[in-house]
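Here is a short briefing to read alongside the model. Please keep the viewer open and follow the topics in whatever order you like.

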Amino acid sequence: MLHPSIKILPLLLPLLLALPAQAKDFTVAQKDKKFSQAKLEVKVGDVVNFKNEDPFSHNIFSLSDIKTFDLGSYPQGQSKSVAFDKPGTVEIECSVHPDMKLIVEVKK
Ligand SMILES: [Cu+2]
């Protein structure tokens, strides 16, 4: 006789398939006092890793309404991540290097 939980599986399958696609991970490096790209498009729920590849510290932050954060200062080789949970445009900067700019477009 089949285990009782196996009988439930066909009922659960349509529910599992209806779940939204899993969140993706992106990496944006900081190198030569620049973000590795000027613009990035992600979807709600996606995570962006900010990786410092410069031999000095950066302090990545955003004052944007839909995602306000401050990752603090961290050195070469370290990475910190931010999850984008609302749709909209997020402007990201570095408090150490005012010329550093990154736009993240968060799509629904
Ligand atoms: Cu910087």
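Is Lys51 buried, partly exposed or exposed? Lys51 is partly exposed, with a relative accessible area of 31%; buried means under 20% relative accessible area, exposed over 50%, and partly exposed in between, with a 1.4 Å probe and protein chains only. This is a predicted model, in which local features need pLDDT of at least 70 and side-chain atom pairs count only at pLDDT 80 or more, while totals for chains, interfaces and linings use all residues. Residues are numbered from 1 along each chain as its sequence is written, and side-chain values use heavy atoms, with hydrogens and water left out.

**Salt bridges**

- The structure holds 2 salt bridges, a salt bridge being a side-chain nitrogen of Lys or Arg within 4 Å of a carboxyl oxygen of Asp or Glu.
- Side chains of opposite charge can pair when their charged atoms come close.
- One of the bridges joins the side chains of Glu53 and Lys51, at 4.0 Å from N to O. Glu53 is partly exposed, at a relative accessible area of 31%.
- Asp85 and Lys67 also meet through their side chains in a salt bridge, at 3.6 Å from N to O. This pair links distant parts of the chain, 18 residues apart: Asp85 lies in the loop between β7 (79-83) and β8 (88-94), and Lys67 in strand β6 (residues 67-74). Strands (E, at least two residues) and helices (H or I, at least four) are DSSP runs, numbered from the N terminus.
- Within this pair, Asp85 is partly exposed at 47% relative accessibility, whereas Lys67 is buried at 17%.

**Around Asp85**

- Leaving aside residues up to four places away in sequence, Asp85 touches Val44, Gly45, Ile66 and Lys67; contact means heavy atoms within 4.5 Å.
- Asp85 and Asp46 are 39 residues apart in sequence, and their C-alpha atoms are 7.6 Å apart in space.

**The copper site**

- His58 (ND1), Cys94 (SG) and His97 (ND1) coordinate the copper ion at 1.9 to 2.2 Å. Donors are N, O and S atoms within 2.8 Å of the metal (3.2 Å for Na, K and Ca), and sites may look incomplete because water is not among the atoms.
- Along the chain, the donors follow the spacing H-x35-C-x2-H.
- Cys94 is buried, with a relative accessible area of 3%, and His97 is buried too, with 12%.

- Gln30 is found in strand β1 (residues 25-31) and is buried, with a relative accessible area of 0%.
- The side chain of Gln30 reaches the backbone oxygen of Val28 at 3.1 Å.
- Beyond residues up to four places away in sequence, the contacts of Gln30 include Phe35, Phe50, Asp54, His58 and Met100.
- Gln30 and Asp54 are 24 residues apart along the chain, with their C-alpha atoms separated by 6.5 Å.
- Asp54 sits in the loop between β4 (47-52) and β5 (58-64). What does the side chain of Asp54 make a polar contact with? The partner is the side chain of His58, at 2.9 Å. A polar contact is a pair of N or O atoms within 3.5 Å; within protein, one must be able to donate a hydrogen and the other to accept it, and residues adjacent in sequence count only if both atoms are side-chain atoms.
- Asp54 is buried yet has no salt bridge, and the nearest side chain of opposite charge, Lys31, is 5.7 Å away. For charge, Lys and Arg count as positive and Asp and Glu as negative, with His and the chain ends not counted.

**The loop between β1 and β2**

- Asp32 lies in the loop between β1 and β2 (34-35) and has a positive phi of about 55 degrees although it is not a glycine. Asp32 counts as exposed, at 59% relative accessibility.
- Lys33 is found in the loop between β1 and β2, with a positive phi of about 60 degrees although it is not a glycine. Lys33 is partly exposed, with a relative accessible area of 47%.

**The nonpolar core**

- Of the 19 residues in the largest nonpolar core, Phe35, Phe50, Ile60, Phe69, Phe84, Ile92 and Val104 touch the most other members. β3 (39-43), β4, β6, β8 and β9 (101-107) each supply at least two residues of this core.
- A nonpolar core is a set of buried Ala, Val, Leu, Ile, Met, Phe, Trp, Tyr and Cys residues joined through side-chain atoms within 4.5 Å.
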